[in-house]
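Thanks, everyone. Let me put the structure up, and then we'll walk through it piece by piece.

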Amino acid sequence: MNIALWIAQGLLAAMYLMAGSMKAFQPAKVRANPQMTWAHDKQDGYIRFVGTSELLGALGLILPLVTGILPWLTVLAAIGLALIQFLAISSVHLPKKEYNVIPLNVVLLALAVFVVVGRWALFA
């Protein structure tokens with residue numbers, strides 16, 4: 001189970017590091033991207049906030065367990081990333097009828113929930 005959790009955490013961290021970096025450091029490029037229609041009408045500060053949240057979540061999935069410092073923060077990071085995906089699905093993609101991107105959001109949500117449940121069980 002621990003190996004499966006590390007694989008899920010690694011995949012999530014990689015995805016959120018890539019996506020979060022672009023949002024946090026290049027919001028104009030995100031806004032101009034035709035695949036990221038959610039950002040077309042958003043201000044730089046909002047896009048940077050989302051990107052920074054994703055970056056911190058990605059680091060929170062890995063660093064607490066690797067360092068052994070407050071490892072329960074991994075569960076909180078996974079909860080935060082699950083919340084980001086839930087909100088992206090329910091308040092952005094469904095209202096805009098962007099059904100083509102929802103499967104990726106659902107996969108990321110499922111992986112985050114898997115990490116929450118798996119790591120919670122190990123700490124409880």
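Let's start with a crossing. Helix α1 passes helix α3 in a left-handed crossing. Keep in mind that this is a predicted model.

Who sits in that contact? The residues where α1 meets α3 divide into 17 nonpolar, six polar and three charged.

Now the geometry. Two packed helices are described by the angle between their axes and the distance between the axes. Here α1 covers residues 2-25 and α3 covers residues 44-67. Their axes are 7 Å apart, and the packing angle is about 150 degrees. Angles over 145 degrees count as roughly antiparallel, so α1 is roughly antiparallel to α3.

Next pair: α3 and α4. How do their axes cross, and at roughly what angle? They come within 8 Å and cross at roughly 150 degrees. So α3 and α4 are roughly antiparallel to each other.

On to α4 and α5. Their axes come within 8 Å, crossing at roughly 155 degrees. That makes α4 roughly antiparallel to α5. Their crossing is left-handed.

Let's move to the rings. A pair of aromatic rings is described by the distance of the centres and the angle of the planes. How many aromatic pairs does the count give? The count comes to one aromatic pair. The partners are Trp38 and Tyr46. Their ring centres are 6.4 Å apart, and their planes stand at 70 degrees. Planes over 60 degrees apart count as edge-to-face, so this pair is edge-to-face.

Are these two residues buried or exposed? Take Trp38. Its relative accessible area is 13%, so Trp38 is buried. Tyr46 comes out at 39% relative accessibility, so Tyr46 counts as partly exposed.

Tyr46 has another neighbour to point out. The charged end of Lys42 sits over the ring of Tyr46, 5.7 Å from the ring centre. So what lies over the face of Trp6? That is Arg119, at 5.3 Å from the ring centre.

Now the loops. Please find Leu70. Leu70 sits in the loop between α3 and α4, with α4 running over 73-93. Look at its backbone. Leu70 is not a glycine, yet its phi is positive, about 50 degrees. Leu70 has a relative accessibility of 43%, so it counts as partly exposed.

There is a positive phi in another loop. Lys97 is found in the loop between α4 and α5. Its phi is near 60 degrees, a positive value in a residue other than glycine. Is Lys97 buried or exposed? Lys97 is exposed, with a relative accessible area of 59%.

One more stop: helix α5, residues 102-123. Leu109 lies in this helix. With a relative accessible area of 21%, Leu109 is partly exposed. The cut-off matters here, because buried means under 20%. Now set Leu109 against Lys29. Leu109 and Lys29 are 80 residues apart in sequence. In space, their C-alpha atoms are 25 Å apart.

Let me recap. α1 with α3 is roughly antiparallel. So is α3 with α4, and so is α4 with α5. Trp38 and Tyr46 make an edge-to-face pair. Leu70 carries a positive phi, and so does Lys97. That's my tour. Over to you.

How values were computed. Residues are numbered from 1 along each chain as its sequence is written. This is a predicted model: local features need pLDDT of at least 70, side-chain atom pairs count only at pLDDT 80 or more; totals for chains, interfaces and linings use all residues. Side-chain values use heavy atoms; hydrogens and water are left out. Axes are lines fitted to C-alpha atoms, for helices over the stretch in contact, and angles run from 0 to 180 degrees between N-to-C directions. Helices (H or I, at least four residues) and strands (E, at least two) are DSSP runs, numbered from the N terminus. Angles under 35 degrees count as roughly parallel, over 145 as roughly antiparallel, 65 to 115 as roughly perpendicular and the rest as oblique. A crossing is left-handed if the near helix is turned anticlockwise from the far one by less than a right angle, and right-handed if clockwise. Ala, Val, Leu, Ile, Met, Phe, Trp, Tyr, Cys and Pro count as nonpolar, Asp, Glu, Lys and Arg as charged, and the others, Gly among them, as polar. Rings of Phe, Tyr and Trp (its six-membered ring) pair if their centres lie within 6.5 Å; planes under 30 degrees apart count as stacked, over 60 as edge-to-face and the rest as tilted. Buried means under 20% relative accessible area, exposed over 50%, partly exposed in between (1.4 Å probe, protein chains only). A charge sits over a ring if NZ of Lys or CZ of Arg is within 6 Å of the ring centre and within 35 degrees of the ring normal.
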